[in-house]
Amino acid sequence: MDVGISTACLYPMETEKALETLGKLGVRTVEIFFNAPSELQPEFLAKLKAIAQQYALKIIAIHPYSSGFEPFMFFTNYERRFQDAMVMYEDYYRAANDLGAKIVVLHGDRKEGQLPDEVYYDRFGEMFLHAKQNGVILAQENVERCRSRSSSFIRRMYEYLGDNVRFVLDLKQAVRSGEDIFTMCNAMDKGIVHLHLSDNCAQGDCLPPGSGTFDFAALKQHLKSHGYMGSGVIELYRNNYKTTANLYESYCFMKAIP
């Protein structure tokens, strides 16, 4: 399994500086977290592409800054806004294509959302096909504050949509949701296309890999038995580690796991 780091780990460092920092550290696989509308413009994307080329970086996924607005944009009863929002997300799809990324991450509706599950699944299915037409994979992430926090919700989503759904397994979000990571992994089944990696223990639910008690070797074997061939990126918050050296150490720890 290929391992990398998300630029989100360095927030609020500007996106281009975060990407360059990871390149200088020696990381070669990254996810880019966009933080502003202007970062989707061609001139800015060209700057990111130049940095990626300079450091031989492989950009595997992008994360929209607008995740917090997705409940209002995609998961209300106002159909016109849903259709308009799908067109708005084409900016992310174009950015992903420009940068060579295959995956765009979706958080989805808040956990208090009132749409029936089947309506949510139908909406996602439509969005998934729209993203596919634009050359990318839209992938549902499990997120504590969202409906996707529940492994049972995820399992039903996979059963309902079949080949029209893909997932991002986020370890810290599963822990924060009170879900067993392996249970969430099984719920996503063969739909997993991407991973957000972090460690945990009794003292913290979002730690650099190698500083907690989670069995990453067991996770790798579990994923391998399910035929997983994708990548995983370390995704932490800035207060979860001290220095970029700590971040790189966790990257090396993950790379060394057979």
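Predicted model: local features only at pLDDT ≥ 70, side-chain atom pairs only at ≥ 80, totals over all residues.

Biologist: Which residues of helix 5 are buried?

Modeller: Helix 5 spans residues 90-99. Its buried residues are Glu90, Tyr92, Tyr93, Ala95, Ala96 and Leu99. Buried means under 20% relative accessible area, exposed means over 50%, and partly exposed lies in between (1.4 Å probe, protein chains only).

Biologist: OK, on to helix 10. Which residues are buried there?

Modeller: Helix 10 covers residues 216-225, and Phe216, Leu219, Lys220, His222 and Leu223 are buried in it. They sit on the same side of helix 10, because they cover an arc of only 165 degrees around the axis. That arc is taken from the directions from the helix axis to the C-beta atoms.

Biologist: And which exposed residues are on the face turned away from the buried side?

Modeller: Lys224 and Ser225.

Biologist: New topic. How many salt bridges does a search of the whole structure find?

Modeller: It finds 14. A salt bridge is a side-chain nitrogen of Lys or Arg within 4 Å of a carboxyl oxygen of Asp or Glu. Asp2 and Lys58 make one of them, at 3.0 Å from N to O. That pair links distant parts of the chain, 56 residues apart: Asp2 is in strand 1 (residues 2-6) and Lys58 in strand 3 (residues 58-63).

Biologist: Why does Asp2 count as partly exposed?

Modeller: Because its relative accessible area is 22%. Lys58 is partly exposed too, with 45%.

Biologist: What about Lys172 and Asp170, buried or exposed?

Modeller: Both Lys172 and Asp170 are buried. Their side chains also meet in a salt bridge, 3.0 Å from N to O.

Biologist: Which residue does Asp205 pair with?

Modeller: Arg176, in a salt bridge whose closest N and O atoms are 3.1 Å apart. Asp205 lies in strand 9 (residues 204-207) and Arg176 in helix 8 (residues 171-176), 29 residues apart. Asp205 counts as partly exposed because its relative accessibility is 29%. Arg176 is partly exposed as well, at 33%.

Biologist: Which residues are linked in a network of salt bridges?

Modeller: Asp109, Asp117, Arg147 and Arg156.

Biologist: Last one. Which residues gather in the patch of negative charge?

Modeller: Glu79, Glu118, Asp122 and Glu126, on the surface. Patch residues have over 30% relative accessible area and no salt bridge; like charges are joined within 9 Å, nonpolar side chains (Val, Leu, Ile, Met, Phe, Trp, Tyr) within 5 Å. Helix 6 (residues 117-133) gives the largest share, three residues. Glu79 is found in helix 4 (residues 79-88). Glu79 is partly exposed, at 39% relative accessible area.

Note on methods:
Residues numbered from 1 in each chain as written. Heavy atoms only, no water. Areas by Shrake-Rupley, 256 points an atom, 1.4 Å probe, with all protein chains shown as cover. Lys, Arg positive; Asp, Glu negative; His and termini not counted. Charge placed at Lys NZ, Arg CZ, Asp CG, Glu CD. Helix = DSSP H or I, 4+ residues; strand = E, 2+ residues; numbered from the N terminus.
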